[in-house]
Amino acid sequence: MTAQYDATAAMEIVNASAPGAACIDEGVLYLEPDTLAESIRTLRDSEESDLVFLSNLTAVDHELHFELVYHLQSLDLNHILQVKARIFDREDPALPSLTRVYHGAHLQEREVYDLFGIRFDGHPDLRRMFLWEGFPGYPLRKDFLQMPGQVRAGLPGFPHESEENAWPVPGSVPQRPLHPNDPQPEGEVVVADESEDAS
């Protein structure tokens, strides 16, 4: 079973080479955004921590700030460490890319960029991964449905849509005939067509 690597030991390794770059908050190692890549490289290269594998990275929107979450793992020493970094700039959130530290960060950073709009400085090919260029907003942000102009996902207003390709606005498409088993509107009774049962 993989053990949890001690966050305090990791903090001491980082701060030994870059004083003040790491701190502990509620048992979790937090790294300063400006020195994130260097701090994680130190944890990767240290014989004590040996965190040579980026298991995954993701982001969390806390409304007032973003939090990047990294899981770093040592395959030889069989331990794992959770590392976090906070970004308080919601208008232009950015962090250093880890692609020069872990090749596996390439697609994971693109995914976070696509869904949260967090930029990774130094990424060799930072572009949307699932959505098309020009898609308005970032779907995993908590303010996504409050975009200017009342634009909503799946409704007209997206730049790529033509009138022929636009999704219908609810209420603009005629309703299908009610089935006898459907809930009936107040005061209406639907009589089944007996000819269908005559077979």
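This report describes helix packing, the nonpolar core and one further helix in a predicted model.

## Basis of the description

The model is predicted, so local features need pLDDT of at least 70 and side-chain atom pairs count only at pLDDT 80 or more, whereas totals for chains, interfaces and linings use all residues. Residues are numbered from 1 along each chain as its sequence is written, and side-chain values use heavy atoms, with hydrogens and water left out.

## Packing of H1 and H2

Helices (H or I, at least four residues) and strands (E, at least two) are DSSP runs, numbered from the N terminus. The axes of helix H1 (residues 7–17) and helix H2 (residues 36–45) cross at roughly 120° and come within 9 Å. Axes are lines fitted to C-alpha atoms, for helices over the stretch in contact, and angles run from 0 to 180 degrees between N-to-C directions. The crossing of H1 and H2 is right-handed; in a right-handed crossing the near helix is turned clockwise from the far one by less than a right angle.

H1 contributes Ala10, Ile13, Val14 and Ser17 to the contact, and H2 contributes Ser39, Thr42 and Leu43. Contact means heavy atoms within 4.5 Å.

Ser39 lies in helix H2. Ser39 counts as buried because its relative accessibility is 2%, buried being under 20% relative accessible area with a 1.4 Å probe and protein chains only. Apart from neighbours within four places in sequence, Ser39 is in contact with Val14, Ala21 and Leu31.

## The nonpolar core

The largest nonpolar core holds 40 residues, and Leu29, Leu68 and Tyr70 have the most contacts inside it. Such a core is a set of buried Ala, Val, Leu, Ile, Met, Phe, Trp, Tyr and Cys residues joined through side-chain atoms within 4.5 Å. Elements giving two or more residues to this core include H1, H2, strand S3 (28–31) and helix H3 (105–116). H1 supplies the largest share, six residues.

Leaving aside neighbours within four places in sequence, Leu29 is in contact with residues including Ala10, Met11, Leu43, Leu81 and Val83.

## Helix H3

H3 has 12 residues and reaches 16 Å from its first C-alpha to its last, close to the 16 Å expected at 1.5 Å a residue; the expected span is 1.5 Å times one less than the number of residues. Nine of the 12 residues of H3 are buried, and the helix is mostly covered.

Among the buried residues of H3 are Glu109, Arg110, Tyr113 and Phe116. The buried residues of H3 pack against S4, S5, strand S7 (94–96) and strand S8 (119–121). Gly117 follows H3 and has a positive phi, near 75°.

How values were computed. Buried means under 20% relative accessible area, exposed over 50%, partly exposed in between (1.4 Å probe, protein chains only).
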